[in-house]
Amino acid sequence: MGCGVSKSNQFHKNSGKAIKSAVLIQRWYRQFVARKEMRRRYTWHIFQSIEYSGEQAQIKLYNFLGYLMDNFTPASNERNLISHIFRENEVCRDAEWERYFCYKNIEVPDLYSGPHLTFPLTVEQAVGLVEAFRNKKQLHSRYVLQLLLETWKQLRLLPNINRISTCHSKEITICGDLHGQLEDLLLIFYKNDMPSLEKPYLFNGDFVDRGKDSIEILIILFSFLLVYPSEVYLNRGNHEDHIVNLRYGFTKEVLSKYRMHGKRILKLLQKIFSWLPLATVIDQKVLVIHGGISNTTDLSVLARVDRHNYNSALRPPKKRHQSVAGESIDSDEEAGSTNKVIQRRPSLTFPRTLTKDCFQNRSLQDFSDRLRANTVEEVEIHKRLPGPLGPENDTSQSCESISSEDEWKQILDLLWSDPMAQDGCVPNEVRGGGCYWGPDVTEDFLNRHNLQLIIRSHECKQEGYEFCHNRKVLTLFSASNYYDVGSNRGAYVKLGPDLVPYLVQYQASSMIRELSVRQSAGRSERSANKVLREQLFAHKSDLICAFKKLDSENKGRVSLADWASAVESVMRLGLPWRIMRSQLVTGRPADSSIDYYEWFNELAIKGANADHIDQSLLETLYRHRSTLETIFRIVDTDNSGFITMEDFRQTWKLLSVYLKMEITEEAISDLAVTIDSNQDGSIDIEEFMEAFRLTDKKSRLERGRSMFMGTATDLTKLEGDPNI
């Protein structure tokens with residue numbers, strides 16, 4: 001019996017140790033998972049914050065340029081440099097546009113080995129285009145223009161809101177943002193098959209920008225639209241906008257792939273984008289839009305707007321002036337369209353007495369409040385020609401008058417808005433356009449329109465999709481590996497007659513299949529930290545000033561807590577800087593303080609001839625690199641890739657006014673001489689932008705996408721200063 005007691009005590013003793021060990025392992029594992037989740041969240045936060053601040057910077061730049069257009073004299077140099085981007089709808093009949101876009105004088109050489117097209121387009125030709133692009137072939141510019149012309153004609157027949165239905169034998173596949181990532185589209189077609197009579201598709205905007213194959217994606221989608229006009233549907237996204245394309249790569253892509261006819265292709269695409277439908281309703285119950293809604297969104301209003309007047313949703317179309325003969329003498333809207341019965345209504349005008357800070361507001365809604373709407377003259381709503389799918393186009397339907405400002409805000413909200421967890425509707429200050437809307441707004445909108453679900457895109461989600469607002473809003477994003485390889489999955493959704501979403505996830509990159517989950521997460525984290533380090537260096541002057549305020553003894557060192565506080569005060573990204581210190585600062589001194597001068601010495605600006613250039617100018621150049629490139633491409637009116645020395649100086653003057661900083665003529669001249677190495681009197685934009693890149697002394701940093709430029713602190717500096 002005693003032996004048995006001894007064995008029992010030993011058992012309880014060992015089991016106690018096992019339990020303690022299990023508790024320690026469990027505690028360690030929970031800490032490990034918590035740290036991993038925290039790192040995942042701040043990595044994602046870095047990517048998303050810098051992306052959205054880039055969009056806000058683009059809108060602010062456009063508002064600034066619009067201010068110059070409206071307030072500078074017509075003969076001013078600054079106005080002449082940028083006026084062409086605001087001539088959005090030159091007065092020209094459709095027949096005249098078709099002559100301008102004519103492809104018949106473009107010959108296809110015998111050496112051309114890419115796909116050949118004949119019209120009407122066949123299924124075999126559309127499939128052949130997919131295979132050709134899979135094999136890295138390029139479609140000849142003659143066929144591109146011909147395809148785009150046919151697409152333009154087709155889109156003009158469609159209503160603002162497509163209305164489609166499923167049936168017992170069909171389900172519709174809905175895809176979100178593709179952003180020029182052809183690999184994702186090819187994978188979707190591989191997993192789900194290509195569009196056909198039995199396989200309808202809806203693509204929900206943002207086909208272009210950021211990726212390298214935007215034009216190929218457009219060609220594929222447009223070709224299937226022409227082959228299956230009742231099975232393929234396209235919604236407009238906020239990147240189907242020629243102003244946004246200037247910053248995010250699509251303009252550059254087209255001009256590099258089609259050097260001779262790229263300008264005509266871009267102009268035709270500008271018109272095509274303006275004719276893309278704004279929304280799609282499935283079975284009268286599911287609304288598919290690119291961005292979102294607001295508390296004022298009304299589908300009956302959206303069904304009646306002249307969508308093609310909005311070449312860019314960032315600015316309302318200008319009011320048309322009538323001559324004595326009754327014909328328009330303004331060049332901001334298109335005349336002679338296929339709807340001859342349309343009476344063009346007056347639009348918003350910018351008043352002559354705009355205050356100088358009007359373009360500095362945080363959002364387009366704020367900016368629009370300073371626009372003078374014509375409240376005396378009521379708007380006459382025309383009757384659209386009936387479309388094949390839209391009952392809202394019935395010519396017998398009576399329409400109430402709406403103001404141009406209202407309809408512009410409706411379109412802006414539709415393309416730029418994001419959902420939020422809290423109730424209410426507030427301006428989207430993060431993106432700079434649209435709004436944030438809450439669950440109460442969703443509930444009210446669905447009840448008013450007798451709908452049950454909103455499917456939208458516009459936001460990258462780590463799993464490729466996300467439900468919110470009690471599963472009544474579904475965000476869908478189809479561009480996998482968007483920020484970096486392994487950063488996120490893509491997804492598409494299939495809707496059958498029961499309207500229950502069936503989601504399919506994927507990751508398109510072949511590289512991701514070679515990485516473990518840990519390697520994939522580590523790669524994304526390293527990429528985010530590289531982008532963040534670039535931004536920290538680009539704000540060197542502001543950061544050093546913040547450090548000096550905390551370095552009372554001028555030792556060149558600050559404590560870890562002070563370092564974290566100073567960095568957050570400048571960058572305003574809401575990141576756990578103390579935890580991230582090991583990722584951003586090399587070395588770990590015994591006193592845990594940080595030598596901030598040595599920290600910045602770890603980074604340098606590439607370029608052997610940059611030593612004699614003013615360092616503050618270099619920092620400005622890098623910090624606003626993307627904005628400067630956008631201005632360059634605006635100034636380059638003939639899309640040649642070159643600008644004159646005088647235009648180069650004017651570009652820097654525009655930037656200095658925009659940033660409210662002094663840049664001397666001498667500094668600009670030194671910079672120009674440095675770039676113009678062959679002394680031909682012109683600046684190559686590509687060489688200029690590549691000449692100044694941030695590099696790590698230990699490892700060359702990959703060139704960041706144009707979305708990773710500018711932070712919130714740059715944008716807030718534009719607020720409240722009347723001295724422009």
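# Strands, loops and salt bridges

Trainee: What is the relative accessible area of V33, a partly exposed residue?

Mentor: Partly exposed lies between buried (under 20% relative accessible area) and exposed (over 50%), with a 1.4 Å probe and protein chains only. V33 is partly exposed, with a relative accessible area of 36%.

Trainee: What kind of model is this?

Mentor: Residues are numbered from 1 along each chain as its sequence is written, and side-chain values use heavy atoms, with hydrogens and water left out. Local features need pLDDT of at least 70, side-chain atom pairs count only at pLDDT 80 or more, and totals for chains, interfaces and linings use all residues, since this is a predicted model.

Trainee: Which helix holds V33?

Mentor: Helices (H or I, at least four residues) and strands (E, at least two) are DSSP runs, numbered from the N terminus. V33 belongs to the run of residues 2–71, helix 1.

Trainee: Which residue of strand 5 stands opposite R163?

Mentor: R163 and I161 are buried on one side of strand 1 (residues 161–164), with N162 and I164 buried on the other. Strand 1 pairs (at least two DSSP bridges) with strand 5 (residues 279–282) in the parallel sense, over 4 bridges. Opposite R163 stands V281.

Trainee: Which strands stand at the edges of the open sheet?

Mentor: The open sheet has 5 strands in the order 4-3-2-13-14, and its pairing is mixed. Each edge strand has a single partner, so one side is left without a neighbour in the sheet. The edges are strand 4 (232–234) and strand 14 (502–506).

Trainee: Which residue of strand 14 stands opposite A491?

Mentor: Strand 13 (residues 490–495) pairs with strand 14 in the antiparallel sense, over 5 bridges. There, A491 stands opposite Q505.

Trainee: Where is P120, and is the bond from F119 to P120 cis or trans?

Mentor: P120 sits in the loop between helix 3 (94–100) and helix 4 (123–134). The omega of the peptide bond from F119 to P120 is near 5°, and the bond is cis.

Trainee: R210 and N554 both have positive phi; which one is buried?

Mentor: R210, in the loop between strand 3 and helix 7, has phi near 75°. N554, in the loop between helix 16 (540–550) and strand 15 (557–559), has phi of about 55°. N554 counts as exposed at 63% relative accessibility. At 12%, the buried residue is R210.

Trainee: Which residues are linked with R431 and D418 in a network of salt bridges?

Mentor: R431 is buried at 0% relative accessibility, and D418 is buried at 0%. The structure holds 19 salt bridges. Linked with R431 and D418 in a network are R456, E459, K461 and E466.

Note on methods
A salt bridge is a side-chain nitrogen of Lys or Arg within 4 Å of a carboxyl oxygen of Asp or Glu.
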